Amino acid sequence: MAAGIKDKVAIIGMGCTKFGERWDVGAEGLIVEAFEEAVQDADIGRDEIQAAWLSTCVEEIHVGKTAMPLSETLHLPYIPVSRMENACASGTEAFRAACYAVASGATDIALALGVEKLKDTGYGGLPAGGSSMGSLNWQWLPNLTAPGCFAMLASAYCAKYGVEPSDLKNAMAHVSAKSHYNGSLNPKAHLQKAVPVDKVLAAPIIAHPLGLFDCCGVSDGAAAAIVTTPEIAKGLGKKDLVTVKALQICVSNGEEAIHNTWDGAHFVTTSKASTLAYKEAGITNPREELSMMEVHDCFSITELVTMEDLHISERGKAPKDIIDGFYNHDGKIPCQIDGGLKCFGHPIGASGIRMLYEMYLQLQGGADKRQLKNHKFGLTHNLGGFPHSNICSIAIIGAQGA
């Protein structure tokens with residue numbers, strides 16, 4: 001029977017570039033920037049890494065279909081290097097592969113690195129063509145846009161729970177304002193200005209009820225993680241280890257898109273993946289046991305619905321928890337402490353690892369002005385695709401033995 005990988009893998013080093021419009025550097029420079037911080041944090045040499053995984057999504061921008069750009073940029077010593085792509089969940093997928101390699105005993109020290117150079121495309125959102133998902137949308141769903149698709153999630157939520165659209169929009173405005181406040185404390189964030197709720201509510205509508213501040217843009221950036229076993233980590237002199245408690249992924253099988261059993265008001269994959277992750281981590285009451293989260297807030301409604309699919313807020317009750325400040329920086333379970341996709345930024349292939357970077361910093365006490373206290377478990381939720389067809393990756397990390 002599968003036992004999972006709880007406490008079998010330790011994170012010994014992480015790095016993350018500043019996200020944003022990085023006209024000053026190419027994708028290769030971003031790779032180096034994230035990698036150098038990670039190896040310095042791990043205090044190991046490049047040649048000690050035995051395998052690596054590169055996560056990136058928009059292949060025509062800089063890296064093609066192989067992982068050679070990672071190996072060639074870092075001059076890795078002829079080790080196995082693989083390219084991972086799972087839409088916006090690519091980053092956590094690369095991290096999962098590196099962790100499984102270590103947990104299996106196949107590799108002692110592994111690297112996961114995500115990078116994207118999206119501002120070069122000229123798009124404010126995800127590029128429409130070129131990538132596999134973009135090509136599919138142009139051929140089969142020519143009128144589908146990400147804001148339009150996620151706006152339907154909001155409409156379905158209102159219909160299912162009898163929520164007035166104005167009340168939902170107010171809750172979403174609090175989601176956005178919270179992330180902007182958190183982003184203002186983060187020097188690596190793409191957007192670093194606080195935005196009050198009234199300004200969020202007054203912004204132009206993009207796809208009703210989603211306004212400008214309810215939608216995340218895209219960014220350039222990279223993030224990296226180096227993992228090994230707890231035993232090797234201790235041999236390297238590491239103390240107060242941060243270990244992986246759970247890694248789970250769930251992928252849509254098509255039912256949401258073709259069956260009327262899906263209500264359109266939540267993410268089936270997130271509900272299932274989080275349930276498996278809690279079981280692997282030994283968490284029985286996430287509302288009481290989780291300390292902090294980074295979730296995939298591509299739109300404010302995504303974060304709101306995710307609170308329920310993570311089994312933290314009761315169904316139909318997330319708006320109240322949000323208004324009450326449950327997920328604020330000083331709330332019971334702070335969410336998007338670094339600003340999230342909305343403000344830290346969204347270089348697709350790097351986002352999942354960036355989420356882990358913040359949880360790791362918090363657990364190591366290195367988050368500076370946004371540092372939290374009394375934390376035990378940090379959860380990341382990385383989603384790729386659309387409400388009706390998506391990939392959900394959940395990771396939970398914490399102090400060894402927690």
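Reader: Which residues does Thr-270 touch, not counting those up to four places away in sequence?

Author: This is a predicted model. In it, Thr-270 touches Thr-306, Asp-309, Leu-310, His-381, Leu-383 and Cys-392.

Reader: Where does Thr-270 sit?

Author: In helix H11.

Reader: Why does Thr-270 count as buried?

Author: Because its relative accessibility is 0%, and the cut-off for buried is under 20%.

Reader: Which other residues of H11 are buried?

Author: Besides Thr-270, the buried residues of H11 are Thr-269, Ser-271, Ala-273, Ser-274, Ala-277, Tyr-278, Glu-280 and Ala-281.

Reader: What covers them?

Author: The cover includes strands E8, E10 and E11. It also includes helices H10, H12 and H13.

Reader: How many residues are in H11, and what is its reach?

Author: H11 has 14 residues. From first C-alpha to last it reaches 20 Å, close to the 20 Å expected at 1.5 Å a residue.

Reader: What comes just after H11?

Author: Gly-282, with a positive phi of about 80°.

Reader: Switching to cavities. How many of 30 Å³ or more turn up?

Author: A search of the whole structure finds 1.

Reader: Which residues line the largest cavity?

Author: Val-175, Ser-176, Ser-179, Asp-214, Asp-297, Phe-299, Ser-300, Glu-303 and Lys-342. Two elements give two or more residues each: helix H7 (165-183) and helix H13 (300-309).

Reader: Which gives the most?

Author: H7, with 3 residues.

Reader: How does the lining divide into nonpolar, polar and charged?

Author: 2 nonpolar, 3 polar and 4 charged.

Reader: Staying with H7, is Lys-169 buried or exposed?

Author: Lys-169, which lies in helix H7, is buried, at 14% relative accessible area.

Reader: What is Lys-169 in contact with, leaving aside neighbours within four places in sequence?

Author: Leu-201, Ile-205, Pro-209, Gly-211 and Asp-214. Asp-214 is also in the lining of the largest cavity.

Reader: And Phe-213, where is that?

Author: In the loop between strand E6 (210-211) and strand E7 (220-228). Phe-213 counts as buried because its relative accessibility is 16%, against a cut-off of under 20%.

Reader: What does Phe-213 touch, not counting residues up to four places away in sequence?

Author: Ser-176, His-180, Val-195, Lys-199, Val-200, Ala-203, Ser-300 and Lys-342. Ser-176, Ser-300 and Lys-342 also line the largest cavity.

Reader: What separates the C-alpha atoms of Phe-213 and Pro-387?

Author: They are separated by 20 Å, and the two residues are 174 apart along the chain.

Reader: Now the core. Which members of the largest nonpolar core touch the most others?

Author: Met-293, Ile-301, Leu-304 and Ile-396, out of 52 residues. Elements giving two or more residues include H7, H11 and H13. The largest share comes from H6, with 8 residues.

Reader: What surrounds Met-293? Which residues does it touch, not counting those up to four places away in sequence?

Author: Met-293 touches Met-307, Leu-310, Ile-312, Tyr-327, Ile-333, Pro-334, Cys-335, Gln-336, Ile-337, Met-359 and Leu-379. Leu-310 is touched by Thr-270 as well.

Reader: What about a second core? How many residues are in it?

Author: The second core is separate and has 39 residues. Among them are Cys-16, Ala-98, Val-244 and Leu-372.

Technical notes. Residues are numbered from 1 along each chain as its sequence is written. This is a predicted model: local features need pLDDT of at least 70, side-chain atom pairs count only at pLDDT 80 or more; totals for chains, interfaces and linings use all residues. Side-chain values use heavy atoms; hydrogens and water are left out. On a 1 Å grid over the protein atoms alone, a cavity is a set of points where a 1.4 Å probe fits but cannot get out, and a pocket is an open set with protein on both sides within 12 Å along at least five of seven lines; lining residues have an atom within 4 Å of a point. Grid points are joined across faces, edges and corners, and a volume is the space filled by probe spheres set on the points. Helices (H or I, at least four residues) and strands (E, at least two) are DSSP runs, numbered from the N terminus. Ala, Val, Leu, Ile, Met, Phe, Trp, Tyr, Cys and Pro count as nonpolar, Asp, Glu, Lys and Arg as charged, and the others, Gly among them, as polar. A nonpolar core is a set of buried Ala, Val, Leu, Ile, Met, Phe, Trp, Tyr and Cys residues joined through side-chain atoms within 4.5 Å. Buried means under 20% relative accessible area, exposed over 50%, partly exposed in between (1.4 Å probe, protein chains only). Contact means heavy atoms within 4.5 Å. The expected span of a helix is 1.5 Å times one less than its number of residues.
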